[in-house]
Amino acid sequence: GFCESASKVGGDYFDAVLVPDHGLLLVIADVMGKGVPAAMFAAIFRSHVHARPDLAVNPGEFLTWLNRALYPDLDRVEMFVTAQVVFLDQKRRELRIASAGHCPLLVRHADGTIKEGDADGPPLGIDGDLVFTDHTEPVHEGMCFLMYTDGLIEARNPAGELLGLDRLKSWFGSPHLKGAPVAAIEAGLVKLAREFQGSAPAADDLTFVLVADDP
């Protein structure tokens with residue numbers, strides 16, 4: 001995981017929570033806005049995530065509960081949170097994925113093909129009665145997947161161009177990443193964003209989570 005705030009504090013959040021005898025819960029979120037208010041809600045979001053580890057195996061149910069718990073405070077200040085919850089079931093070798101208006105998860109297969117996940121449902125805090133669902137993706141040997149906030153694809157170069165999803169998918173599917181350890185992929189992704197941005201100031205937090213089969 002990698003997180004770098006555009007200012008002293010930010011509203012991006014990621015986490016990895018071990019669920020004994022089951023697998024791994026992965027969460028990434030982006031609170032609307034920047035600075036201290038966004039950072040405060042990111043901290044509140046984290047406390048809620050850690051309050052219900054029993055929901056980890058059902059990401060859709062987890063997002064439904066998170067939305068219901070957070071809605072009164074988010075609605076009061078007219079803020080929202082995009083979020084993605086992924087449960088990695090190591091026994092069944094599958095991902096269970098739920099998303100609330102977040103950037104699409106990218107899955108890279110061993111042959112370099114990229115599958116783009118759906119952004120299911122609106123962000124948290126829009127409607128307190130929303131019900132979220134999840135979908136399952138099998139985990140194949142050599143697979144790598146990427147969760148990220150919009151600070152990655154909305155990075156701008158000095159000419160004002162966005163890095164964009166297409167450019168990210170092209171890089172993520174590059175042949176040179178085949179068999180690369182996850183630490184090298186992480187370093188390469190940070191380098192991609194920084195070199196594209198050049199001398200332009202960071203407009204948003206940069207956060208992502210990578211999971212891969214390390215050789």
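This is a predicted model: local features need pLDDT of at least 70, side-chain atom pairs count only at pLDDT 80 or more; totals for chains, interfaces and linings use all residues.

Trainee: How many salt bridges does the structure hold?

Mentor: Side chains of opposite charge can pair when their charged atoms come close. The structure holds eight salt bridges. One of them joins the side chains of Glu4 and Arg194, at 2.4 Å from N to O.

Trainee: Which parts does the pair of Glu4 and Arg194 tie together?

Mentor: Glu4 belongs to strand E1 (residues 2-4) and Arg194 to helix H5 (residues 182-197), so the pair links parts that are 190 residues apart in sequence. Glu4 is partly exposed, at 34% relative accessibility, and Arg194 is also partly exposed, at 44%.

Trainee: Which residues do salt bridges that share partners join into one network?

Mentor: Arg96 forms a salt bridge with Asp89, with the closest N and O atoms 3.4 Å apart. Glu94 forms a salt bridge with Arg96, and there the closest N and O atoms are 2.6 Å apart. Through these shared partners, Asp89, Glu94 and Arg96 make up one network. Arg96 is buried at 12% relative accessibility, Asp89 is buried at 8%, and Glu94 is buried at 16%.

Trainee: Is His109 buried or exposed?

Mentor: Buried means under 20% relative accessible area. His109 has 18%, so His109 is buried. His109 lies in the loop between strand E6 (106-108) and strand E7 (114-116). Leaving aside neighbours within four places in sequence, His109 is in contact with Lys115, Glu137, His140, Gly142 and Met143.

Notes: Residues are numbered from 1 along each chain as its sequence is written. Side-chain values use heavy atoms; hydrogens and water are left out. Helices (H or I, at least four residues) and strands (E, at least two) are DSSP runs, numbered from the N terminus. Buried means under 20% relative accessible area, exposed over 50%, partly exposed in between (1.4 Å probe, protein chains only). Contact means heavy atoms within 4.5 Å. A salt bridge is a side-chain nitrogen of Lys or Arg within 4 Å of a carboxyl oxygen of Asp or Glu.
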